[in-house]
Amino acid sequence: MSHSRPQDTLYASPLEQIVDFRFDEQVVGVFSDMINRSVPGYSTVIRSLGILAARYVQPGSRCYDLGCSLGAATLSMHQQIHAPGVELVAVDNSQAMMTRCREHLALAREERRIDLVCGDIQDLVIENASVVVMNFTLQFIEPERRQTLLNRIQKGLRPGGVLLLSEKIALGEAQSDAQLIDWHHDFKRANGYSDLEISQKRSALEKVMRPDSQERHAERLHAAGFSQVLPWFQCFNFASMVAFK
Ligand code: GEK
């Protein structure tokens, strides 16, 4: 995305105290490198989101990117969607992210209406939507508030609309979960992260990012009124699904 991609070394040296992970200026500065080296399949997922959005978008509707970070999924939708009168809405509650996102989307915004909203996705009015993307964002919402958010997304979608949801997933069974986590750590090591970086980042994320099982996601999506949930991608413990209204 960015022309230069500053390397993520935030957890490379031993830290006296590991504070809870936040999407602040420091993280934003290295975010592109961080997410590409940490989330298996990230670039494939981003590209596929645009392709799926183009299939389900409806003329004259809105496509939302909830927890947009630097706007990668918004840009992918912008590139793939050719239906008339489609507006994109990209939302994130990190001011630092939105500042960079605005820069990344500057060219795209000359061609199409793309609203940038700095705010909590739980307070957002979602309406006239045909596509809602939540790419690795629901995992940062408190578990007891996830159902309410999904209910509001479902209500804001037009008939035939879709939610494209990606999450880090947990299996629930201690043993197989440990295996998926080991594979993910192998992936991070292969991308140049040290054991120290992996373990310090893990501690920082422990309280702020709480993954659910795929069964739990499907249960909530059905409870929200989605009629069908289909998985479309998984690499290690990172999974993407589409929920049809
Ligand atoms: C991508 N989707 O590149 N309201 C708004 N934004 C939030 C909230 C909230 N309540 N909670 C967290 N965020 C992106 C990647 S990153 C995933 C998404 C990750 C935002 C937060 O500020 C961050 O930018 C994003 O959700 C999660 O496809 O870093 O693992």
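**View 1. Packing of helices H2 and H3 in the predicted model**. H2 (42–56) and H3 (residues 72–80) pack with their axes 8 Å apart and at an angle of about 45°. Axes are lines fitted to C-alpha atoms, for helices over the stretch in contact, and angles run from 0 to 180 degrees between N-to-C directions. H2 and H3 are therefore oblique to each other, a class left after roughly parallel (under 35 degrees), roughly antiparallel (over 145) and roughly perpendicular (65 to 115). The crossing of H2 past H3 is right-handed, that is, the near helix is turned clockwise from the far one by less than a right angle. Helices are DSSP runs (H or I, at least four residues) numbered from the N terminus.

**View 2. The shell around the ligand**. The ligand is surrounded by 21 residues, the closest being Tyr42, Gly67, Ser69, Asp92 and Asn135; a residue counts if one of its heavy atoms lies within 4 Å. Helices H1 (25–38) and H2 (42–56) are the elements that give two or more residues to this shell.

Residues are numbered from 1 along each chain as its sequence is written, and side-chain values use heavy atoms, without hydrogens and water. In this predicted model, local features need pLDDT of at least 70 and side-chain atom pairs count only at pLDDT 80 or more, while totals for chains, interfaces and linings use all residues.
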